[in-house]
Amino acid sequence: LVSDKYFLGAIACVVARARGLKFFFWMTYPYHQAQVTLSREGMSTNPTIALIRGRSTSLLLHRWLSPRSAHVFGQSEKRAVDFAKTGANPARMTRVITGVDLDGVEPIPRPVRGSAPRTLTIGYLGTLVRQRRLEILVDILDELRHRGVAARLLLIGDGAVPEDRLC
């Protein structure tokens, strides 16, 4: 099983086939699409390299890795639909939800301390990288505060690129 590493996945797939083993691929995030987006929006240090990387890894994923995988796992229905559009066999794809479904969950009311307004907390737990567009959460926080909502934002995680880390 290889997760999100397209070139490593290609090597592992060849090795698995040579040894008579099944190969499985898990796609948690469409990094190939993110590279193309970063290039088009000028958010990459080198947009040309990002575009080439995005398109080449897309070809590797959809034309080579996916067809040769015994099974492909993804984190959303959209990912499964995207894979099917590229010719992948839907019978060899499984969606694995890694989030929390809050439907039917009632919030537990907390007692209000004094007369202070309750603070809305928005939390993000994950990688702190530019591709995640976390500035949208900062914009949302600003808009909420502008409308008079007491709110705070918790960003929990780390990023591999120091420039992408938020302090």
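1. Let's begin with helix 1 (residues 6-18) and helix 3 (residues 47-68), which pack at an angle of about 25° with their axes 10 Å apart. That makes helix 1 roughly parallel to helix 3, the term for angles under 35 degrees, while those over 145 count as roughly antiparallel. Axes here are lines fitted to C-alpha atoms over the stretch in contact, and angles run from 0 to 180 degrees between N-to-C directions. Helices are DSSP runs (H or I, at least four residues) and strands likewise (E, at least two), numbered from the N terminus.

2. A word on the source: this is a predicted model, in which local features need pLDDT of at least 70 and side-chain atom pairs count only at pLDDT 80 or more, while totals for chains, interfaces and linings use all residues. Residues are numbered from 1 along each chain as its sequence is written, and side-chain values use heavy atoms, with hydrogens and water left out.

3. Which residues of helix 1 and helix 3 meet? On helix 1 they are Y6, F7, G9, A10, C13, V14 and R17, and on helix 3 they are T57, L60, L61, W64, L65 and R68; contact means heavy atoms within 4.5 Å. By class, this contact of helix 1 with helix 3 has 9 nonpolar, 2 polar and 2 charged residues (Ala, Val, Leu, Ile, Met, Phe, Trp, Tyr, Cys and Pro are nonpolar; Asp, Glu, Lys and Arg are charged; the others, Gly among them, are polar).

4. Helix 2 and helix 3 pack at about 155°, with axes 7 Å apart. That makes helix 2 roughly antiparallel to helix 3. From helix 2 the contact takes H32, Q35, V36, S39 and R40, and the helix 3 side includes P47, R53, T57 and L61. Its residues divide into 5 nonpolar, 7 polar and 3 charged.

5. Now the open space: the largest pocket has a volume of about 710 Å³. Of its 28 lining residues, Q35, L38, R53, Q131 and V161 lie nearest the centre. Helix 1, helix 2 (31-40) and helix 3 are the elements that give two or more residues to this lining, which divides into 11 nonpolar, 10 polar and 7 charged residues.

Note on methods:
Angles under 35 degrees count as roughly parallel, over 145 as roughly antiparallel, 65 to 115 as roughly perpendicular and the rest as oblique. On a 1 Å grid over the protein atoms alone, a cavity is a set of points where a 1.4 Å probe fits but cannot get out, and a pocket is an open set with protein on both sides within 12 Å along at least five of seven lines; lining residues have an atom within 4 Å of a point. Grid points are joined across faces, edges and corners, and a volume is the space filled by probe spheres set on the points.
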